[in-house]
2 protein chains.
Amino acid sequence: MRVLGVDPGLTRCGVGVVEGVAGRPLTMLGVGVVRTPADADTGHRLVAVERGIEEWLDTHRPEVVAVERVFSQHNVRTVMGTAQASAVAMLCASRRGIPVVLHTPSEVKAAVTGSGRADKAQVGAMVTRLLRLDAPPKPADAADALALAICHIWRAPAQNRLQQAVAAHRAHHARAMKGRTA
Amino acid sequence: MRVLGVDPGLTRCGVGVVEGVAGRPLTMLGVGVVRTPADADTGHRLVAVERGIEEWLDTHRPEVVAVERVFSQHNVRTVMGTAQASAVAMLCASRRGIPVVLHTPSEVKAAVTGSGRADKAQVGAMVTRLLRLDAPPKPADAADALALAICHIWRAPAQNRLQQAVAAHRAHHARAMKGRTA
């Protein structure tokens, strides 16, 4: 499974591509940051984010895009830019028919460090270890994007099992209903 | 001046096109709502908003797009969808090189009713009167989009005068600097 993780932001939008399956060593295929100038107006910054995300999608052809879920109750000053950048990331993926999954920051931290309250340094250290890198990716947004992708790869089996269970339950229910009306 | 007003939202995104200049009767060229299904995932809803906005831009070729400025401190449950839809509207306009202007809800209310705290019914009534319509546009999102466009047309002369004054000041300053170094 190849996943593009996106840590959305207008000033720095972290992007990272990880390939692998749960339970096997993971491979980093790319990491970086899409930056937009703080003095440009929001519309042009969103166009720059779109262009950046499109390039990452073109280059790496991910099967899934994992985006950090934005909460409105967080830092009021930055939340708007984060929400806008995440909207562009979701739009770019959905336009291509690539599934978008959202993970909360604490889900991501818990997945890679074991604690939903881990700090940036801990997340960076675990990303470095799990992807067998020489040093933590900089800036933190880039490391967070990789952590999102790892989180998705590791959570996907559980999510798939859940979806399969729901599908099986529905099929069983449909058969039971059919038996009743026959 | 032809302005597309956008009252952003994921469930209902109000759109309205008004043509005119300050101090002259205004003309409504179109009004409507871009709707997206509440049960679709966010990415696909944003694709639908993008498609809708693109159609309005294609049909009406506005010179300016006026979007309601979203505040994060407002209704926490809906602010994310509003921020995301407004990001798509700004992206669509900026991609075409159409200037985007943001107006706050109270600026819009004050422009069309004289009071920044006017209610929806008052805004609808004034939009109906100013555009010489038979009845207030429904839903309120559509009326709000028209009010945004009207607000922009009426505020534009003041904004232009301000920009001209700044430009004149800069030109004067540049001449003075030149005189000093000559």
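Visitor: Leaving aside neighbours within four places in sequence, which residues is B:Arg61 in contact with?
Guide: This is a predicted model, in which local features need pLDDT of at least 70 and side-chain atom pairs count only at pLDDT 80 or more, while totals for chains, interfaces and linings use all residues. Residues are numbered from 1 along each chain as its sequence is written, chains are lettered from A and ligands numbered from 1 in the order in which they are written, and side-chain values use heavy atoms, with hydrogens and water left out. Contact means heavy atoms within 4.5 Å. With neighbours within four places in sequence left aside, B:Arg61 is in contact with B:Arg2, B:Trp56 and B:Arg96.

Visitor: How far apart in space are B:Arg61 and B:Arg2?
Guide: In sequence, 59 residues separate B:Arg61 and B:Arg2. From C-alpha to C-alpha, their separation in space is 8.0 Å.

Visitor: Is B:Arg61 buried or exposed?
Guide: B:Arg61 sits in the loop between α1 (42-60) and β4 (64-68) of chain B; such helices (H or I, at least four residues) and strands (E, at least two) are DSSP runs, numbered from the N terminus. Buried means under 20% relative accessible area, exposed over 50%, and partly exposed in between, with a 1.4 Å probe and protein chains only. The relative accessible area of B:Arg61 is 56%, so this residue is exposed.

Visitor: What is phi of B:Arg61?
Guide: Most residues other than glycine have a negative phi, and most peptide bonds are trans. B:Arg61 has a positive value, near 45 degrees.

Visitor: Which residues of helix α4 of chain A are buried?
Guide: Helix α4(A) spans residues 120-130, and its buried residues include A:Val123 and A:Gly124. They lie on the same side of α4(A) because they cover an arc of only 135 degrees around the axis, taken from the directions from the helix axis to the C-beta atoms. The face turned away from the buried side carries the exposed A:Ala121 and A:Arg129.

Visitor: What is the relative accessible area of B:Arg132?
Guide: B:Arg132 is in the loop between α4 and α5 of chain B, and its phi is positive, near 50 degrees. B:Arg132 is exposed, with a relative accessible area of 55%.

Visitor: Which residue does a cis peptide bond join to A:Lys138?
Guide: Omega of this bond is about -5 degrees. A:Lys138 is joined by the cis bond to A:Pro139.

Visitor: What is omega of the peptide bond from B:Lys138 to B:Pro139?
Guide: B:Pro139 lies in the loop between α4 (120-130) and α5 (140-181) of chain B. The bond from B:Lys138 is cis, with omega near -10 degrees.

Visitor: How much area do chain A and chain B bury between them?
Guide: In this pair, 22 residues of chain A are in contact with 22 residues of chain B. Buried area is the accessible area (1.4 Å probe) that two parts lose on being put together, summed over both. Carbon and sulfur atoms hold 74% of it, and the total is about 1800 Å².

Visitor: Which residue meets B:Glu50 in a salt bridge?
Guide: A salt bridge is a side-chain nitrogen of Lys or Arg within 4 Å of a carboxyl oxygen of Asp or Glu. Two salt bridges are counted between chain A and chain B. In one of them, at 2.5 Å from N to O, the side chain of B:Glu50 meets that of A:Arg95.
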